Structure formats: C-alpha cells, structure tokens
Amino acid sequence: ATPTAIMVGTGKAAELGILISGGDALEQARRITTVVLDKTGTLTRGRPDVTVVHPADGVDADRLLAYAAAAEIGSEHPLGEAIVRHARARDLAVPAADSFAAVPGHGVEAEVAGRRVLIGNPALLRRHGVDVAPLSGAAAEVAARGGTPVHVALDGRLAGVVGVADTVRPEAAEAVAQLRALGLDVWMLTGDNRVTAEVVAREVGIEQVIAEVRPEEKAGRVAALRERGAVVAMVGDGINDAPALAGADLGIAIGTGTDVAIAASDITLVGGDLRGIVSAIALSRRTVTTIK
Ligand code: ADP
Ligand code: MG
C-alpha cells in the first residue's frame, strides 16, 4: 500500500477506536488466516464474581472465604480480586497474610494467622500432596457452568472450592461469527481448565480450544500454529499474553487490559469491543486492494 492509503486506513481505523501502530500492521492484518483469542479478559469481561462456595466437611464457609481472601489480598489476578471483593462484601474479618507468593498460571501460596494456605488450580494443590478428589463433584459442577473452580487448602488439607465466573462480552459471539464469515480460523487459548474453556468456547461459537496452557507456554502455542503455515493474529489483555502478542504475526490488545499487553501489540482496541478485530482486518483488505 502507498503511504497515503495507509494514512487513510489508519485514520479510518482510529475513528472506529482501533489504534494501529504503523503501516506494517495494516499490511499484516490483510494476510491473517488465523485469529487466536485469550479467554479471561478478552472473550470475557475480565471482572469475575464468586458464584458459589463449597466448603469441605467440617469447614465453615465464612472461615474458608476469610482465609482465601487473606491469601489473595496481594494478588493482581482477577480470580483473586473476585474472592477478596466477595469476602469484603460479606463483611468478613480478613486477616493480613504473613507471607505471599504468586505462582503464575497456578495460584497463590501464603501464610495466614499461622496456617499455610494454598489457593488455585488442582495442579498447585496436588504438587503439595493435597488430595482434591473429595470436592471433584463440586468442582465439576462449577466448570460445567463455565466458571473456574478455585481450590483452597489449609495446612495441607483440602478446605473447599470457591466457584468464580466471568461473563462473556456481549459482542463476542457476533465477532467470532464475523471472523469466520471472513474465512478465518478461530482459536481460544487459555490457562483455565479444559471444561470451563470449552463451555465458554461453545457460548461464543469457537470450536478450536487450547486449554490449561501455562503462561510461559502461550507464545509457544502461537509459534506452533505459525509453523503449520498459519498467519496468526493473537488477541489478549494480560501480562501472560504479552509474549504471545509479540510473537504473533499481528498482536491485538484489548485497550482496557494491561499496559504490558498493549505495549507488546501492533493494534489496540480502545474500548475493548471485539468487533474491532473484524473491522481492522476488513479495513486492511480494502486499503490494500484499493491501491492495487
Ligand atoms: P488465564 O489464561 O485464564 O488468564 P492464568 O494463566 O492466569 O489463566 O491462570 C491459570 C489458572 O490458574 C486459572 O484458571 C486458575 O485456576 C489458576 N490461578 C492462577 N492464579 C490464581 C489466583 N491468584 N487465585 C486462584 N487461582 C489462580
Ligand atoms: Mg486474559
């Protein structure tokens, strides 16, 4: 495309709330064959809420929540923030944690009022020898509704499962349908568990799901698609997504997401409306064909 065509194209995009950094991005957008979307904060709003609390036998639900919230107070993860907000809304006394360590892609390890708290996915608890089987039914129920079962252990014993769920962005299904109508291959890429991921994918019309991916593996999954000949646009919002956004042929950040994701991307959807992906690709096709 000529510099003028690119200027016109990026100007039109800006009017639609799509910030495109440079002409290369517009040319890349035209070549895209495959769109990979992160789940949490990208296909969903990224502000999940606690929907259910399942304490283990003999554990009080409010005590479980208080320990869980205390462990998550230092967490920047949306799941952790949901649990802290919920405990505060219930006016629970949340003790300060004596120690806190985030385990990216897994959860949190903390010490609260002399007790060891583990909170996160089953892999984290199992790694510490905690048996999660007693609440597998409750966890499955949460996942079947598209929520994330957050497991909590106190002093090495399973203490409960907190169900946390996010709502899908209202325009997500329409955006996915439009991408497919443009002939693009659409994937979901997420660290969340497989069942939850597939329930959300079905809700938005995505058939190809890569789930339970650790943060450091996301970029590798994008690279694998590229090696198979795909020209990939990656869409994400989180710090976790930054390497995948940078490594894709085209990185598209949700404008309401983290600064790190925006910095790693070529395009930013200012208001976070996913239909902006469709507009950007359609516009790039028009921009390049007009000058041919
Ligand atoms: P996503 O790709 O969905 O944003 P992450 O890679 O951040 O997910 O985390 C993967 C999984 O690890 C989450 O679905 C959750 O089960 C668990 N997890 C990560 N951080 C936390 C946390 N602070 N509290 C509870 N669970 C967590
Ligand atoms: Mg995300």
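Let's start with strand β7, which is mostly covered: 7 of its 7 residues are buried. Buried here means 20 or more other C-beta atoms within 10 Å of the residue's own; exposed means 12 or fewer, partly exposed lies in between, and C-beta atoms are placed from the backbone.

A word on the source. This is a predicted model, where local features need pLDDT of at least 70, side-chain atom pairs count only at pLDDT 80 or more, and totals for chains, interfaces and linings use all residues. Residues are numbered from 1 along each chain as its sequence is written, while chains are lettered from A and ligands numbered from 1 in the order in which they are written.

Confidence next. pLDDT is the predictor's confidence in each residue, from 0 to 100. The chain has a mean pLDDT of 94, and 98% of its residues reach 70 or more. The scores are ipTM 0.96 and pTM 0.90.

Back to β7. In a regular strand, side chains alternate between the two faces of the sheet. From β7, Thr148, Val150, Val152 and Leu154 point one way. Pro149, His151 and Ala153 point the other way, and all are buried.

What does β7 pair with? Pairing takes at least two DSSP bridges between two strands. β6 and β7 are antiparallel over 4 bridges. There, Leu118 has Ala153 of β7 as its bridge partner. On to β8, residues 157-165: β7 pairs with this strand over 7 bridges, again in the antiparallel sense. His151 stands opposite Val161 in β8. β7 and β8 form a hairpin, with 2 residues between them. Asp155 in that turn has a positive phi of about 50 degrees.

Two other residues deserve a look for phi. Most residues other than glycine have a negative phi. Asp91 has a positive one, near 60 degrees. Asp91 sits in the loop between α5 and β4 (97-103), and counts as exposed because it has 8 C-beta neighbours inside 10 Å. Ala113 also has a positive phi, about 45 degrees. Ala113 is in the loop between β5 and β6. With 12 other C-beta atoms within 10 Å, Ala113 is exposed too.

Now the ligand. Which residues are closest to ligand 1? Thr40, His77, Asn121, Gly191 and Asp192, out of 22 that surround it. The shell counts residues whose C-beta atom, placed from the backbone, lies within 6 Å. Elements giving two or more residues include β7 (148-154), α3 (39-43) and α5 (78-89). By class, the shell has 5 nonpolar, 14 polar and 3 charged residues. Ala, Val, Leu, Ile, Met, Phe, Trp, Tyr, Cys and Pro count as nonpolar, Asp, Glu, Lys and Arg as charged, and the others, Gly among them, as polar.

Domains last. Their bounds come from an automatic or database domain assignment. Domain 1 is 3-45 + 168-290, and domain 2 is 49-165. Each gives at least three residues to the ligand 1 shell. Their C-alpha centres lie 31 Å apart.

Val199 lies in α9. Leaving aside neighbours within four places in sequence, Val199 is in contact with Ala144, Arg145 and Gly146. Val199 is partly exposed, because it has 15 C-beta neighbours inside 10 Å.

Terms used:
Contact = placed C-beta atoms within 7 Å.
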